[in-house]
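Open the model in your viewer and keep the selection tool handy. We will walk through it stop by stop, picking a few residues each time.

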Amino acid sequence: MVSDLMDKLTHIFGQGLSDSFYPVPQEAIGVGSAFEGWSPRAEDTVYRVFVPLSPPPGHAFHLELDTAGMPQRNFRVRVELLCTCTREQLGQDMLCFLHHPEEELRRKQDASLLHTLCTGSYLDVEKTAHWFCRFVRVAWLLLPQSCHWRLMLQPSSRSCQFQLSKDRESFMVELIFGVRQGDSDIFVGSQPTQVGIPSTTWLENYAVAEAKFFRHVSRRAPQDSWHCKCLQLLTRILLGAGFSSYTLKTVVMHLLSTVPLTRWRRRDFWQWLLDVLKYLHCSLQRKRLNHFVIGNERFPLEISLPSDLWLAEPPNLFQHLASNRDSHVKAVQEYIHLLHQ
């Protein structure tokens, strides 16, 4: 239902924005546990959908790396105006933002993206999210689902979150926006982050590449493979413990890429639970858990990564444990508690 809803919304966006200079939403991509097949609890599921944005006519996006004071790679999306005089000569109904007087542009044409969703020369995450939410509110009334379902937008400054409800049934959807890095499956995204980050900062996002990895595994795994069941059970146990679900997901992804998929059958289920816990224990002892996508030589070649990510040193997801003894002691205690459970 969520995928069908996003297809219809994207179609309405395409029609409604055809004569404007707002970002152009592309086909939405389901990401996260709900679409990868291992949601810990159905009642808490949030359907996260990644919406790639392309520049409108007469504009170009340029990604600029901005790592000042941040442990992960962050970017700014610089918006550049392009000459469209050739299009004008071909009879297309568009004035060139670079070579027409501002007064004529104001009279005859909608404002450029630089004057709507940008702060300075950079695409603003919060302005983009606010604009998208307003459009969703209007577009919803044109969808057949609006006759039976109620849409309620939720407060969020960097994404578009809404609840859909009908009778006693309800679920949450979160739309995250992003700009693709070249032709790869890596984006810079609008996902919520710590307080105080500038609204022109877009975080490097690996969700699409990870979702493609789970599809890659599912195509090759035996029909009775329980790799998702294993991850689902562990994350259910994990709720309330000190490890994030992303930590467990990273451990399972590393094991899926190093051990034959024929060994993830249902009959081996308990052995794999123990193997995941052993991997986690070794990582705690070493105070190191490598990021799965960045610098991973075993990452499937069919999933496209920028060349600098193939060659990069994998970030340590346990860096906070390596630099803080108290945090490490607490993590070991939480692991022992998890093992008993």
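Begin by selecting strands β4 (residues 59–65) and β5 (residues 74–81), which run antiparallel and are joined by 7 bridges. Strands pair here if DSSP finds at least two bridges between them; helices (H or I, at least four residues) and strands (E, at least two) are DSSP runs, numbered from the N terminus. This is a predicted model, in which local features need pLDDT of at least 70 and side-chain atom pairs count only at pLDDT 80 or more, while totals for chains, interfaces and linings use all residues. Residues are numbered from 1 along each chain as its sequence is written, and side-chain values use heavy atoms, with hydrogens and water left out.

Now click Leu 63 and look across to β5: Val 77 stands opposite. Asn 74 has Leu 203 in β12 as its bridge partner.

Move on to helix α6 (residues 207–220). Its 14 residues reach 20 Å from first C-alpha to last, close to the 20 Å expected at 1.5 Å a residue (the expected span is 1.5 Å times one less than the number of residues). Which residues of α6 are buried? Among them are Glu 210, Phe 213, Phe 214 and His 216. Buried means under 20% relative accessible area, exposed over 50%, and partly exposed in between (1.4 Å probe, protein chains only).

Is Lys 249 buried or exposed? Lys 249 is buried, with a relative accessible area of 6%. Leaving out residues up to four places away in sequence, Lys 249 touches Glu 36, Trp 38, Glu 210, Phe 214 and Leu 231; contact means heavy atoms within 4.5 Å.

Time for the aromatic rings. Rings of Phe, Tyr and Trp (its six-membered ring) pair if their centres lie within 6.5 Å, with planes under 30 degrees apart counted as stacked, over 60 as edge-to-face and the rest as tilted. The count comes to 19 aromatic pairs. Pick Trp 149 and Phe 171, an edge-to-face pair at 5.4 Å centre to centre with 65° between the planes. Trp 149 lies in the loop between α5 (125–140) and β8 (150–154) and Phe 171 in strand β10 (residues 169–180), so the pair ties together parts 22 residues apart in sequence. Both Trp 149 and Phe 171 are buried.

For the last stop, select Phe 13, Tyr 22, Trp 131, Phe 132, Phe 135 and Phe 177, which form one aromatic cluster.
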